[in-house]
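Biologist: Can you put the model up? I have some questions about it.

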There are 2 protein chains.
Amino acid sequence: MTAPPPRSAAPDVPAEAAAARDAALEVVTTLREAGHAAFFAGGCVRDALLGLAPSDFDVATDAPPDRVAGLFRRTQAVGAAFGVVLVHQKRGKRRVATEVATFRTDGVYTDGRRPASVSFATAEEDAARRDFTCNGLFWDPLHGQPGGAGDPRADAEGVIDFVGGRADLAAGLLRAIGDPAARFAEDHLRLLRLVRFAARFGFAVEPATEAAARAAAPRVAGVAAERVGDEVAKMLSAAPPAPAAAAALLSRLGLADRVLGPGQGGPPAALAALGPAPLATAVAALALDRAGSPAAASGLIRTRWAPALSLPNAVADASTGVLDALHALRGWGTLGVAARKRLASMPTFRDGPLALLRAVDPQAAAAVASDVAALAGDGVGLAPPPLLDGRALIAAGLRPGPAFRTMLDAAYDAQLEGRVSSPGDALEVAEASVSA
Amino acid sequence: MTAPPPRSAAPDVPAEAAAARDAALEVVTTLREAGHAAFFAGGCVRDALLGLAPSDFDVATDAPPDRVAGLFRRTQAVGAAFGVVLVHQKRGKRRVATEVATFRTDGVYTDGRRPASVSFATAEEDAARRDFTCNGLFWDPLHGQPGGAGDPRADAEGVIDFVGGRADLAAGLLRAIGDPAARFAEDHLRLLRLVRFAARFGFAVEPATEAAARAAAPRVAGVAAERVGDEVAKMLSAAPPAPAAAAALLSRLGLADRVLGPGQGGPPAALAALGPAPLATAVAALALDRAGSPAAASGLIRTRWAPALSLPNAVADASTGVLDALHALRGWGTLGVAARKRLASMPTFRDGPLALLRAVDPQAAAAVASDVAALAGDGVGLAPPPLLDGRALIAAGLRPGPAFRTMLDAAYDAQLEGRVSSPGDALEVAEASVSA
């Protein structure tokens, strides 16, 4: 079943989307009044038909880019070779940019990534060059309006469907437009887009599309690391159960080992049990499913995913931090008070390692959560400001050096454990820690 | 008192630092064997003297950049105009880059940001061009080694101090090197570095330095947004109580209104009560302290901080999401089951809005946490996969349109509230939601 993204608690996110929609509607209206064909295109049509809330509203038109640029006050050519123009508008206090693409056909793809040339074309040809049928729909926002400005090819709801996308949406099928083998050969990234869309919408993959994807799977190795990483991040950022569905589909299509490195072939149990979580936690869960243990999962992220997925350092560090803490959480009962407090003071403790522990061992997670609440209320707290610092050691006549760190650690441990509560007592512990 | 950064649970973070230190030591050794002066310089010396764990180890030398490049196999000129060379080494499986800067004096600063020219110089001149005394120290890692390779200017611990930095470290004083007014005039960003270092180490600001900073405060308006934002992010990413100390110091020096926009002048209560938290939560806490209410704080972030601090969209969205959810959490008791479950399913719920609520109203936060645990265990769960999706509506013969979203929302609400537990019942609720 489809998992809609969690409804945001932010009241102005719908306002952002409404402004984007209004801006795109104005672009369509202006183009139509100037005698051009112009529709909403692609993802926003698909999402609206599925009852999801689109965030971007792209426009497709038969007006060539210089004509588009001439009809609006502020425009910017972003993909000049592809005929894409950004139209900037101000809606109230918001600045909104609408992407306007001229109908085109793509020439031969010579590099498995993008066409060597494009030619401007009809709406039907434009639909035919897109990747999957659910992404090849147009919608006429002026349909059914008084004055009869609507496009005659639109159906009863205003949808213009040259590729059978409506039927596939209704059937829950992800299907390549035209010859599936050719579509994957043109742009190997489509292998991962297939997985992402199928997982996000809970769709089945149409058999010929699946066969072509399996056959093309080895080609995914040639896709640039940052493009692969971007797709994987999108898969893992979707609301559950889409991330686990994506992981399972990657395996089924023979993509998992190529994209994620050789790994355990079983179902993605940790990812499947994880609730809505930050990206770093989802990355950690998938790595755990692939590698088996927290330590092996950390190694997988550092040695393979960081380079092969062009994972930003912040994400790699955060996800290995989650795994290392998970490893420590599994031995929670053997840790002293100071070690437990230090773990629980990670800035992302609750939505990171504790959430992952909840996925793999809910009872252990409940025990940890209850112990953390007790530690936080013990009068000292989880992360009090230290009683002692390096300056105090210097003031006490000690010579700075590597021993300072040992001394400060010992003093802070004693503080966390409630054994000292004054700088003087902390200093005694610090001095004792190196005189032994 | 100093707050050391929370000790990471990641066992390989110390290994990273150890590799960086070993690599820098090898660079120093090679330079010295080639007849050059070469020391550890700047932040790593300061941190080591304070008993903190340095992460970067920079080297300063009298060897000119082309000489440095000639002594190592893999080098890269990164600040050619400033004489900075990266030396790349492999330590085990890690790639480590050591920054090697040639001793220099800076020419006249014409743009309040960087010198128009630099000249290579002596170690003493190099120390004198740095910003604060605690950052102007060198350390000789070969000091006291057999063979007498140590530098004769080093003190008993191997520290080479041309600027009085050791005494200021011992006294807990942040002091500009040389003429404070001139140092701030050279580079206005130093106003914010002053705040960050003083807050992080719990240091007092030396009176002449503070007077010069107050006088120069208006100049901070000319610093590029991304440089300001980077400093503010570092202030807020430090372990408590440094973020609140930084906010208070910004106010005292007359920088707060200029950097953060006009705001409430009181102490940063929410930030001060916040435990270790992700950056977005700290940003939300500071905005709440400045603006007074969650709604005003969201507005402050969107309309002022996003542009003036060049805040990444992801951080702005995450922090306004925290504030909007905080607003909703304050009315927790008035929300229905579905609304509470949707709130609690935010991926960053626990380290975001719940952590901020804990800072501003601990009792309310405890009540919410206990209610969330109950909701999670009610048999339905916080975020179950939806029973109904757009495809099921189409299959039931319904025409896609804007009503789909209303219908799916109603069905999911009913599911979260335990009123329906089958797709058939969910469909009935969906249909009833639009037939009324």
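Modeller: What follows goes through the sheets, some backbone details, the salt bridges and a charged patch.

Biologist: What kind of model is this?

Modeller: This is a predicted model.

Biologist: Start with the sheet in chain B. What is the strand order?

Modeller: The order is 3-4-5-2-1-8-9, in an open sheet of 7 strands with mixed pairing. Strand 3 (74-79) and strand 9 (159-160) of chain B are the edge strands, and each pairs on one side only.

Biologist: How does strand 1 of chain B run against strand 2, parallel or antiparallel?

Modeller: Antiparallel, with 4 bridges joining strand 1 of chain B to strand 2 (residues 58-61) of chain B. B:F39 has B:A60 in strand 2 as its bridge partner.

Biologist: And how many bridges join strand 1 to strand 8 in chain B?

Modeller: There are 2 bridges between strand 1 (residues 38-41) and strand 8 (residues 138-139) of chain B, and these strands run antiparallel. Opposite B:F40 stands B:W139, in strand 8 of chain B.

Biologist: Where does the parallel part come in, on strand 2 of chain B?

Modeller: It is the pairing with strand 5 (residues 94-102) of chain B, where 3 bridges join the two strands and they run parallel. B:V59 stands opposite B:V100, which is in strand 5 of chain B.

Biologist: Now chain A. What order do its strands take?

Modeller: Chain A has 7 strands in an open sheet, ordered 3-4-5-2-1-8-9, with mixed pairing. Its edge strands are strand 3 and strand 9 (159-160), each pairing on one side only.

Biologist: How do strand 2 and strand 5 of chain A run, parallel or antiparallel?

Modeller: Strand 2 (residues 58-61) and strand 5 (residues 94-102) of chain A run parallel and are joined by 3 bridges. A:T61 is set opposite A:T102 in strand 5 of chain A.

Biologist: Change of topic, backbone. Is the bond from A:P240 to A:P241 cis or trans?

Modeller: That peptide bond is cis, with omega near 5°. A:P241 lies in the loop between helix 9 (225-237) and helix 10 (242-252) of chain A.

Biologist: What about B:P240 to B:P241?

Modeller: The peptide bond from B:P240 to B:P241 is cis, with omega near 5°. B:P241 sits in the loop between helix 9 (225-237) and helix 10 (242-252) of chain B.

Biologist: What is the phi of A:S310?

Modeller: A:S310 has a positive phi of about 50°, although it is not a glycine. The residue is in the loop between helix 14 (294-308) and helix 15 (313-330) of chain A. A:S310 counts as partly exposed because its relative accessibility is 36%.

Biologist: And B:S310?

Modeller: B:S310 also has a positive phi of about 50° without being a glycine. The loop that holds B:S310 runs between helix 14 (294-308) and helix 15 (313-329) of chain B. Its relative accessible area is 35%, so B:S310 is partly exposed.

Biologist: How many salt bridges are there over all chains?

Modeller: The structure holds 54 salt bridges over all chains.

Biologist: Take A:R196 and A:E231. How far apart are the closest N and O atoms?

Modeller: They are 2.7 Å apart, and the two residues form a salt bridge. A:R196 is in helix 7 (residues 190-201) and A:E231 in helix 9 of chain A, so the pair ties together parts 35 residues apart in sequence.

Biologist: Is A:R196 buried or exposed? And A:E231, buried or exposed?

Modeller: A:R196 counts as buried because its relative accessibility is 12%. A:E231 is buried too, with a relative accessible area of 3%.

Biologist: What do B:E231 and B:R196 do?

Modeller: Their side chains meet in a salt bridge at 2.7 Å, N to O. The pair links helix 9 of chain B, which has B:E231, with helix 7 (residues 190-201) of chain B, which has B:R196, 35 residues apart. Both B:E231 and B:R196 are buried.

Biologist: Which residues share partners in one salt-bridge network?

Modeller: A:D155, A:E157, A:R166 and B:R399 are joined into one network by salt bridges that share partners.

Biologist: Last one, surface charge. Which residues form the positive patch?

Modeller: A:R73, A:R74, A:K90 and A:R95 form a positive surface patch. A:R73 lies in the loop between helix 3 (65-71) and strand 3 (74-79) of chain A. At 81% relative accessibility, A:R73 is classed as exposed.

Definitions and conventions. Residues numbered from 1 in each chain as written. Chains lettered and ligands numbered in written order. Predicted model: local features only at pLDDT ≥ 70, side-chain atom pairs only at ≥ 80, totals over all residues. Heavy atoms only, no water. Patch = residues over 30% accessible without salt bridge, like charges linked within 9 Å, V, L, I, M, F, W, Y side chains within 5 Å. Areas by Shrake-Rupley, 256 points an atom, 1.4 Å probe, with all protein chains shown as cover. Salt bridge = Lys/Arg side-chain N within 4 Å of Asp/Glu carboxyl O. Lys, Arg positive; Asp, Glu negative; His and termini not counted. Charge placed at Lys NZ, Arg CZ, Asp CG, Glu CD. Buried < 20%, exposed > 50% of the residue type's maximum accessible area, 1.4 Å probe, protein only. Pairing = 2+ DSSP bridges.
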